[in-house]
Amino acid sequence: MDNDVTKRLMDAVDTRFDEQVSFLSELAGHPSTRGNEQSAQRFMAEQLNDRGYETDSWEIKVSDIAHLPGFSPVLGDYDHAINVVGKHHSRSRRGQSLILNGHIDVVPVGPLEMWDSPPFEPRTEDGFMYGRGVGDMKAGLVANLFALTALKDSGYQPAAEVYFQSVVEEECTGNGMLACFQRGYRADAALIPEPFAEQLVSAQIGVIWFQVHLKGKPVHVLEAGSGFNAIEASLPLIASLKTLEKRWNGPRHCHPHYDDHDHPLNLNIGKIQGGDWASSVPAWCCFDVRMGIYPGQDIDQARAEIEACIDEAVDKDVYLRNNRPQIIYHGFLAEGYCLADHNKREARLAIATLENAHFAVTGDTLKHAAITATTDARFPGLYWDTPALVYGPAADSIHGFNERVELESVRRITQSIALFIAGWCGLEKL
Ligand code: ZN
């Protein structure tokens with residue numbers, strides 16, 4: 001790409017950057033937690049329509065995707081889980097097609113009093129925007145859109161099909177991205193601007209979610225000895241899972257891409273509920289677990305090991321042995337993915353194209369990083385033989401309090417994405 005075009009695209013991002021920040025602020029004002037994404041998705045669909053893209057909005061149905069590789073189980077069907085795709089059609093189709101993907105769902109905010117300002121009233125201070133989801137990953141989603149707009153403002157459009165995707169369910173199953181595939185959206189590469197500090201994600205781990213349900217024997221506390229406390233019974237089970245976590249992170253299990261990580265596979269007891277009354281021995285307890293697995297680690301085998309580890313703790317207790325806890329999988333059954341090992345010419349080409357774009361914008365070499373989380377990149381990467389590049393802005397406290405994204409980083413990412421689209425898809429005059 002000649003220097004003149006590079007400069008025009010970067011200038012075009014600068015020109016609209018204030019508008020881009022306002023757009024992000026408005027989008028982040030929609031509280032799009034799981035099950036509540038509809039207003040944010042309506043906003044995205046309207047914006048895509050206004051910009052002249054053919055827009056497809058649809059409701060995900062479990063029965064449409066449950067048979068596909070990478071599906072994660074959910075309890076019941078979805079209630080108004082809406083995906084939105086904006087389609088760019090090229091006249092010449094001489095370039096390589098592209099999926100620009102981002103997720104609209106955000107995680108719960110937690111106790112409001114721990115935020116300095118309301119999480120769904122985004123505010124900007126000292127070059128950062130604060131609010132739930134601004135980093136993870138509405139800034140990236142908006143960067144995709146404004147990168148396309150920068151092409152248009154410069155008098156160009158991609159010389160290949162581009163699918164702009166705003167999906168739900170990234171934070172719990174990935175079934176939103178999976179539903180895009182089922183709907184027929186395929187391309188030669190995918191770009192997902194998740195907030196990993198302007199680095200290219202070379203490897204991501206897999207994630208398994210499960211619930212453990214324990215039943216107790218409720219009696220009045222005055223005769224507690226004859227009852228069985230379901231909450232207290234969860235403690236040895238959790239301790240046993242912690243030993244599994246330790247074993248999987250042990251040196252024998254380490255993975256080539258995670259050699260320099262001390263503890264890549266994190267077990268999290270994310271939620272616990274149980275009991276009904278302070279003076280009644282609790283009759284029930286349920287806890288939710290998130291466990292990481294290495295890329296290449298078999299999910300069924302990992303599940304068997306998890307179950308064996310719980311069984312071992314259960315067998316040590318006479319009551320539990322006869323009243324075995326139930327393990328329910330709902331949410332992530334996600335394999336890991338390594339872009340670095342993606343054995344396809346297009347993968348190397350896409351990485352080189354992004355490296356050039358990143359260098360043109362920042363003057364730095366693109367860093368590659370293995371992350372200890374999952375992203376939707378595993379779907380194109382593992383199941384559709386499509387290299388998936390995760391590359392987005394710098395953000396702090398994602399999933400925590402006072403989540404924030406660095407706006408200058410968003411500007412650079414948007415410029416890099418615009419250059420990447422131009423390099424990957426090629427350009428045709430408007
Ligand atoms: Zn995310």
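Predicted model: local features only at pLDDT ≥ 70, side-chain atom pairs only at ≥ 80, totals over all residues.

Leaving aside residues up to four places away in sequence, Phe420 touches Leu98, Leu191, Ala350, Thr353, Leu354, Ala357, Leu389 and Cys425.

Phe420 belongs to the largest nonpolar core, a set of 95 residues. Within that core, Leu98, Phe420 and Ile421 are the residues that touch the most other members. Helix H5, spanning residues 134–153, contributes the largest share, with twelve residues. Apart from this core lies another one of 38 residues, including Ala203, Phe287, Ala302 and Phe332. As general background, nonpolar side chains in soluble globular proteins tend to be buried together.

I turn now to the domains. The domain assignment of the protein chain gives domain 1, covering 3–204 + 337–429, and domain 2, covering 206–334. Taken over C-alpha atoms, the centres of domain 1 and domain 2 are separated by 34 Å. How many residues does each domain give to the contact? Domain 1 provides 21 residues and domain 2 provides 17 residues.

This brings us to the largest pocket. Strand S10 (206–215), strand S11 (267–274) and strand S12 (284–293) each supply at least two residues of the lining. S10 gives the most, with four residues. Sorted by class, the lining of the largest pocket has 19 nonpolar, 14 polar and eleven charged residues.

The second largest pocket holds about 170 Å³ of space. Its lining is made up of Met1, Asn3, Thr6, Thr353, Asn356, Ala357, Ala360, Leu419 and Gly423. Helix H1 (3–15), helix H10 (345–362) and helix H12 (407–425) are the elements that give two or more residues to this lining. H10 gives the most, with four residues. Here the lining residues divide into four nonpolar, five polar and no charged. Please note that Thr353 and Ala357, which line this second pocket, are also among the residues touched by Phe420.

Finally, some details of the backbone. The peptide bond from Asp136 to Met137 is cis, with omega near -10°, and Met137 is found in helix H5.

Arg93 has a positive phi of about 50° although it is not a glycine, and Arg93 lies in the loop between strand S2 (82–88) and strand S3 (98–103). Glu169, another residue other than glycine, has a positive phi near 75°. Glu169 is located in the loop between strand S7 (162–167) and helix H6 (175–182).

Is Arg93 buried or exposed? Its relative accessibility is 54%, so Arg93 counts as exposed. Glu169, in turn, counts as buried because its relative accessibility is 1%.

Thank you for your attention.

Notes: Residues numbered from 1 in each chain as written. Heavy atoms only, no water. Core = buried A, V, L, I, M, F, W, Y, C linked by side-chain atoms within 4.5 Å. Buried < 20%, exposed > 50% of the residue type's maximum accessible area, 1.4 Å probe, protein only. Contact = heavy atoms within 4.5 Å. Nonpolar A, V, L, I, M, F, W, Y, C, P; charged D, E, K, R; others polar. 1 Å grid on protein atoms, 1.4 Å probe; cavity = no way out; pocket = protein on both sides within 12 Å on 5 of 7 lines; lining within 4 Å. Points joined across faces, edges and corners; volume = space filled by probe spheres on them. Domains from an automatic or database assignment.
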